[in-house]
Amino acid sequence: MEARRELFGGRSAAILALAGSAIGLGNIWRFPYMVGQTGGAAFIIIYLASCLLLSLPIFLAEAIIGHRTHSGTFGAMEQLAPGTHWKWLGLLTVLSPLIILSYYSVVGGWSIGYLWQSVTAGFHADAIGTVSSAFGKFIASPGRPLLFHTLFLLGCAWIVSAGVKSGIEKFNKVTMPLLFVLIVVILVYAVSLPGARAGVTYLVKPDFGKITPSAVAAAMGQSFFSLSLGVGTILTYASYIHKKENILVTGLGTVAFDLLFALIAGFAIMPAVFAAGIEPGAGPGLIFETLPYIFAKMGASAPWLSAVVAVLFFVTIVFAAFTSAISMYEVGVAYLVEQKHITRRKATVLIFLGTWTLGALCSLSFGPLAETKIFGLTIFNFCDRLTSNFLMTFGGLLFVLFVGWKMDRQAVRDEFTCGGTVRFNCIVFDAFWFLLRYIAPVAIVIIFLTNFFA
Ligand code: PHE
């Protein structure tokens, strides 16, 4: 049993860890293809609005629970609503990040595979079809994706087992600044490609006709995923933040970094996609299929430069995926350490075994298990849909209802305003309270229903 809870070393460590959780495949892989599929600049505008008006209040609600209780998801619910059904929310938010982690690790593994290829052999193709079929073959072959999934998860286990300060905090402190430098280098390269201008125009000139209800729901859902909401990761990380820290500043800092990173990633990827003459609406394969093609194409005239950018690009994806994955891993570890009183090391091993097994099934569902279906979906797609369309929104809704309608208003205000000492926070509290109680629940129900009937 751990005698005393570890805490992050200070405000910047807390923001870097939370931004590390938020910035991940959601920013580099999901955001650009969603922008491409759902209408360019118009999507970005709705996305910005939903980050600030919807996701920020939900983020703060989750953070307030963790910060107030200094406990993981289950313990937090037991503390604030002892002996009630709210403990199921605590349990749900232990399980859902672990399901996400299982398939996230498979995609993290693919990124390691592509990084390996960019270092060893590079990308060569004369047509986009060649790269797409190589990607299809790679994910369907059982051996290599499983190996890379294992490596990815072992990396997470290694960082998490070292503890909150010496593992998670240290890793994020080194990796997060590096990620920003890398993505800016890639951005500069991408916008300097011939033909890149059309991609930039696509991202800055909104076509308001594209703002449809499903585009709005997609943007809200994306902001949820990108800010890691509704699955207890924000709650758990906030529980490692010192009592005297200002939760609003931490939340604003995290949202700002996450938004900035997504925008830079969008402006790095779209111009490259346009420069190569590829359809922006290519879907989830956008970065794994079109980018290697771009690297191959550019490689014909500038082989070294293209090879270096390819390596930098996949390093960025791998590290961004790691910083998010460890936050999901930590939710499970915190639960086992605090509630089941086992050591961090043992907890790390148990979580590894569980998520590795589910992840392996997800990975095999692109090959040997392709015919195994749950509700008509492959195992990977089922886990993805279940979590990003339902569990995240459901968890988010319950967190919002808990803080807005069940917790004592004064307790929430105290957390939000550092006991009434921060003037600015006192001024904006009413706006936060209104968004939390009325706007957020309605918006989440709309996303939920849209996902259900879409
Ligand atoms: N926010 C992460 C990303 O953008 C994904 C994530 C979801 C992380 C849920 C933790 C919990 O990739």
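Start by selecting Asp 430 and Arg 409, whose side chains meet in a salt bridge with N and O 3.0 Å apart. Asp 430 sits in helix α18 and Arg 409 in helix α17 (residues 409–417), so this pair ties together parts 21 residues apart in sequence. Asp 430 is partly exposed, at 49% relative accessibility; Arg 409 is also partly exposed, at 35%. Keep in mind throughout that this is a predicted model.

To show the patch, select Trp 405, Phe 434, Tyr 438 and Ile 439; together they make about 420 Å² of surface. Ile 439 lies in α18. With a relative accessibility of 37%, Ile 439 counts as partly exposed.

**The other salt bridges**

The whole structure has eight salt bridges. Select Glu 338 and Arg 5 next: their closest N and O atoms are 2.6 Å apart. Glu 338 belongs to helix α14 and Arg 5 to the segment before α1, so the bridge ties together parts that are 333 residues apart in sequence. Both ends are partly exposed, Glu 338 at 22% relative accessibility and Arg 5 at 23%.

Now go to Glu 245 and Arg 11, a salt bridge with its closest N and O atoms 3.1 Å apart. Glu 245 is in the loop between α11 (233–238) and α12, while Arg 11 is in helix α1; this pair links distant parts of the chain, 234 residues apart. Is Glu 245 buried or exposed? At 9% relative accessibility, Glu 245 counts as buried, because the cut-off for buried is under 20%.

Then select Arg 68, Lys 243 and Glu 415 together, which are linked in a network of salt bridges.

**The largest pocket**

Select Arg 30, Tyr 33, Asp 384, Arg 385 and Asn 389. Of the 37 residues lining the largest pocket, these are the closest to its centre. The pocket holds about 1000 Å³ of space. Colour the helices that each supply at least two lining residues: α2, α5, α10, α13, α16 (379–406) and α18. Which of them gives the most to the lining? That is α16, with nine residues. By class, the lining of this pocket divides into 22 nonpolar, eleven polar and four charged residues.

The structure holds two cavities of 30 Å³ or more. For the largest, select Ser 21, Phe 225, Ser 228, Ser 324 and Met 328, the closest to its centre among 17 lining residues. About 140 Å³ of space lies in this cavity. At least two lining residues come from each of α1 (11–22), α2 (25–38), α5 (87–120), α10 (213–226) and α14 (303–339). The lining of the largest cavity has eight nonpolar, nine polar and no charged residues.

End at the second largest cavity, which contains about 70 Å³ of space. Select its lining: Ile 186, Tyr 189, Ala 190, Ala 268, Ile 269, Ala 272, Leu 291, Ile 294, Phe 295, Val 309 and Phe 313. Helices α8 (164–191), α12 (247–275), α13 (286–301) and α14 each give two or more of these residues. The lining of the second largest cavity has eleven nonpolar residues, no polar and no charged ones.

Conventions
Residues numbered from 1 in each chain as written. Predicted model: local features only at pLDDT ≥ 70, side-chain atom pairs only at ≥ 80, totals over all residues. Heavy atoms only, no water. 1 Å grid on protein atoms, 1.4 Å probe; cavity = no way out; pocket = protein on both sides within 12 Å on 5 of 7 lines; lining within 4 Å. Points joined across faces, edges and corners; volume = space filled by probe spheres on them. Helix = DSSP H or I, 4+ residues; strand = E, 2+ residues; numbered from the N terminus. Nonpolar A, V, L, I, M, F, W, Y, C, P; charged D, E, K, R; others polar. Patch = residues over 30% accessible without salt bridge, like charges linked within 9 Å, V, L, I, M, F, W, Y side chains within 5 Å. Areas by Shrake-Rupley, 256 points an atom, 1.4 Å probe, with all protein chains shown as cover. Salt bridge = Lys/Arg side-chain N within 4 Å of Asp/Glu carboxyl O. Buried < 20%, exposed > 50% of the residue type's maximum accessible area, 1.4 Å probe, protein only.
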